[in-house]
Amino acid sequence: MDLVGLLKSQFLCHLVFCYVFIASGLIINAIQLFTLLLWPINKQLFRKINCRLSYCVSSQLVMLLEWWSGTECVIHTDPQAYPKYGKENAIVVLNHKFEIDFLCGWSLAERFGVLGGSKVLAKKELAYVPIIGWMWYFTEMVFCTRKWEQDRKTVSKSLLHLRDYPEKYFFLIHCEGTRFTEKKHQISMQVAQAKGLPSLKYHLLPRTKGFAITVRSLRNVVSAVYDCTLNFRNNENPTLLGVLNGKKYHADLYVRRIPLEEVPEDEDECSAWLHKLYQEKDAFQEEYYRTGTFPETPMVPPRRPWTLINWLFWASLLLYPFFRFLVSMVSSGSSLTLASFVLVFFVASMGVRWMIGVTEIDKGSAYGNIDSKQKRSD
């Protein structure tokens with residue numbers, strides 16, 4: 001390991017990133033709270049301001065991927081479709097196999113200049129999580145309970161609110177609902193067999209109702225579905241901890257632009273269309289494992305400097321008073337002060353490990369451990 005790699009793997013560096021992220025995130029959440037005063041006066045101004053505040057938070061995670069880790073992502077796509085990316089609203093359907101696939105989705109949005117306004121379909125519990133969850137609340141993210149009878153109205157209502165959104169956005173959705181594991185895949189294929197659907201080798205059975213209601217609610221506002229299939233070269237198994245340690249990964253992302261007019265309006269037909277899409281995604285993954293590449297022309301969108309500039313701004317604003325406070329604590333010589341410092345350091349360490357742990361695949365959804373009747377309702 002070289003000197004730079006050794007430096008990136010040190011916990012003190014991780015602690016700095018964690019501190020800047022948490023401190024800046026809470027400051028931004030507080031500012032977002034005050035922007036609520038604008039909602040009854042000028043809703044569109046409220047939205048534009050919160051898009052930029054949201055970017056200040058989410059771009060810090062993208063910065064870790066693109067600048068700290070240096071992870072490369074090659075996009076394989078139709079050159080004729082490429083100029084449209086970032087210039088239109090789109091539903092992005094991304095496979096859900098890797099710990100950092102959500103980061104790759106955010107990186108895609110960042111490369112095309114729509115990260116601040118981009119949306120996800122997220123679990124309702126996340127709305128109560130400080131920083132990310134609160135940020136999402138103010139940017140009108142769409143939350144669901146995964147209980148269809150409750151979600152049918154609430155999700156549709158949230159999506160309809162996005163029809164007059166003033167910023168371009170990608171609506172990122174993982175139709176599989178949870179990350180791929182062998183156990184989940186086995187149970188998912190049992191459901192597929194019971195439904196008479198073709199088996200998938202590299203994906204879980206997609207949950208179609210959320211996708212169908214998204215398409216129906218955003219039709220004539222969203223121009224296309226971007227079918228995105230992600231994989232990593234040389235059988236790399238990327239993790240958030242690896243990114244934090246500065247490990248460089250090499251991603252390939254196959255992006256197909258499908259005009260929304262080609263997606264059926266009828267719910268049953270839309271469901272069948274999505275199942276067919278995942279069978280095609282499975283074939284693309286099969287080809288990737290066989291040949292090491294996806295179809296279409298490989299392209300690398302330029303890395304924009306704004307994620308790095310944003311992090312440097314917050315670091316310069318927050319780190320000096322923080323280190324000055326630490327020096328004053330240590331120099332005081334008080335046993336109680338030193339003990340308090342050690343305790344704070346330990347709590348911070350546990351916090352960093354917890355934030356990383358929640359992204360780990362084996363700590364994901366309990367898909368398959370509940371009654372299969374619920375899954376068959378999708």
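Author: A cavity, on a 1 Å grid over the protein atoms alone, is a set of points where a 1.4 Å probe fits but cannot get out; lining residues have an atom within 4 Å of a point. Grid points are joined across faces, edges and corners, and a volume is the space filled by probe spheres set on the points. This is a predicted model, in which local features need pLDDT of at least 70 and side-chain atom pairs pLDDT 80 or more, whereas totals for chains, interfaces and linings use all residues. Residues are numbered from 1 along each chain as its sequence is written, and side-chain values use heavy atoms, with hydrogens and water left out.

Reader: How many cavities of 30 Å³ or more does the structure hold?

Author: There are four. Of its 13 lining residues, Cys-73, Cys-104, Ser-107, Leu-108 and Arg-111 are the closest to the centre.

Reader: Which element gives the largest share of that lining?

Author: Helices (H or I, at least four residues) and strands (E, at least two) are DSSP runs, numbered from the N terminus. Helix 4 gives the largest share, four residues.

Reader: How do the residues of the lining of the largest cavity divide?

Author: Ala, Val, Leu, Ile, Met, Phe, Trp, Tyr, Cys and Pro count as nonpolar, Asp, Glu, Lys and Arg as charged, and the others, Gly among them, as polar. Here eight are nonpolar, two polar and three charged.

Reader: What lines the second largest cavity?

Author: That cavity has a volume of about 90 Å³. Its lining includes Ser-54, Trp-106, Lys-119 and Met-135, and divides into seven nonpolar residues, four polar and one charged.

Notes:
1 Å grid on protein atoms, 1.4 Å probe; cavity = no way out; pocket = protein on both sides within 12 Å on 5 of 7 lines; lining within 4 Å.
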